[in-house]
Amino acid sequence: MMKLITFCTLVLCSVGTVMAQSVEPKATFENMVYDFGEIAEDGGKVSHAFKVKNIGSKPLIINNVQASCGCTTPEWPKSPILPGGEGTITATFNPYGRVGDFNKSITVFTNDETKRYVLRIVGKVNPKELSMEDKYPYEFGNLRLKYNSLSMLTMTNKEKRTKEIPVYNDGTEAAKISFSNVPKSVTVVAEPELLGAKKTGTITVTYDASQKDDFDYVRDWFYVEVNGKKEYSNRLMVTAKIVEDFSYLTENEKQNAPVAYFPTTTYEFGSIKEGD
C-alpha cells in the first residue's frame, strides 16, 4: 500500500511539473547556427530564416532582435506566436567590404523563461575581382593613381627617402606625364614618361629632408600634368615628420646638450583697442 501511495505521489508531481511548464510560452528553434559556406563579396546580400516554434501554452512574444554588426539586418514576427504556432527570424548579411571568415550573432529577446537566445550565421566571404578603377581609385584625367598622397613617415633632417605610386592610363591614347610646382625637397619622375593606352607605370618620388629647412610634421604639394594640361585638382601631397640628426654627437656632448626652458608659456595682452 505504501509503495502504491509513493508511486501515485511521484506521478502527480510529474504531471504537476509538466502542467506548470506547459502554461508558459516556450521557444524552440529548428537550428541556432547557419553556415552560408563560401559567398562572393560582390554577390549581393544573403539571407537565412531561422524557424522558431512555440511549444508552450501561452502566446510567445519576441520583444526584440539585435544583431552584433551593422552588416547584419534581422527581421522577426511582431505579432505573438500562438501555442503550437511557428514563425521565422530572418538574418540578412551584406558581404561587401567584409572579406574573410565571419561569425555574426543575432540575439533574440522573448517573454519565455529563457528570455534570451543567441543565433549565429557563419561563413567565408571571397574577395571580388578588382577592376582597374578599384586598383587605381584616384582619377587624374585619363591617368589613374593608386594613391594621391605619400607619407615618408619619420626621417632625420639629413635623410632621403623614395616611394612609388603605381599609375594606369585608362585612356585610348598615350599619355605624357609631367609635373609642375615641384618643391626643392622633392624629386619626381614618371616611368615611363609616355604611358601607352591601357598600360601601367609608376611615379617615383624622392624626398630630401635636408632641402626642407623645417622640422616636425611637414607637407608639400605638386601637380601632375597629363599631356601638358594642368588641373588644380590633380595635386599630389607628400608628408613627413622631420627630426634633427644627433648621431654625430659624442656621448659626452649628448649629456651636455642644451635644454630649452620657458618660465611661462602664455602671455596676456589684456584689453586692447582695434587698430592698436
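**Reading salt bridges and strand pairs**

Tutor: Let's start with aspartate 170, which is partly exposed at a relative accessible area of 25%. The scale calls a residue buried under 20% relative accessible area, exposed over 50%, and partly exposed in between (1.4 Å probe, protein chains only). This is a predicted model, in which local features need pLDDT of at least 70 and side-chain atom pairs count only at pLDDT 80 or more, while totals for chains, interfaces and linings use all residues. Residues are numbered from 1 along each chain as its sequence is written, and side-chain values use heavy atoms, with hydrogens and water left out.

Student: How many salt bridges does the structure hold?

Tutor: Here is the general idea: side chains of opposite charge can pair when their charged atoms come close. The criterion for a salt bridge is a side-chain nitrogen of Lys or Arg within 4 Å of a carboxyl oxygen of Asp or Glu. By that rule, there are seven in this structure.

Student: Which residue meets aspartate 170 in a salt bridge?

Tutor: Lysine 198 does, at 3.4 Å from N to O. Lysine 198 sits in the loop between strand 15 (194-195) and strand 16 (200-208), and aspartate 170 in the loop between strand 12 (160-169) and strand 13 (175-180), so the pair ties together parts 28 residues apart in sequence. Those strand labels are DSSP runs numbered from the N terminus (strands: E, at least two residues; helices: H or I, at least four). Lysine 198 is partly exposed, with 47% relative accessibility.

Student: In which helix do lysine 254 and glutamate 251 lie?

Tutor: Both lie in helix 3 (residues 251-255), three residues apart, or about one turn of the helix. Glutamate 251 counts as exposed at 55% relative accessibility, whereas lysine 254 is partly exposed at 40%.

Student: What is the N to O distance between glutamate 159 and arginine 161?

Tutor: Their side chains meet in a salt bridge at 2.6 Å. Glutamate 159 is partly exposed at 24% relative accessibility, and arginine 161 is partly exposed with 22%.

Student: Do strands 11 and 17 run parallel or antiparallel to strand 18?

Tutor: Two strands pair if DSSP finds at least two bridges between them. Strand 11 (residues 149-156) runs parallel to strand 18 (residues 235-243), joined by six bridges; threonine 154 has lysine 241 as its bridge partner there. Strand 17 (residues 216-226) runs antiparallel to strand 18, with eight bridges, and valine 218 has alanine 240 as its partner in strand 18.
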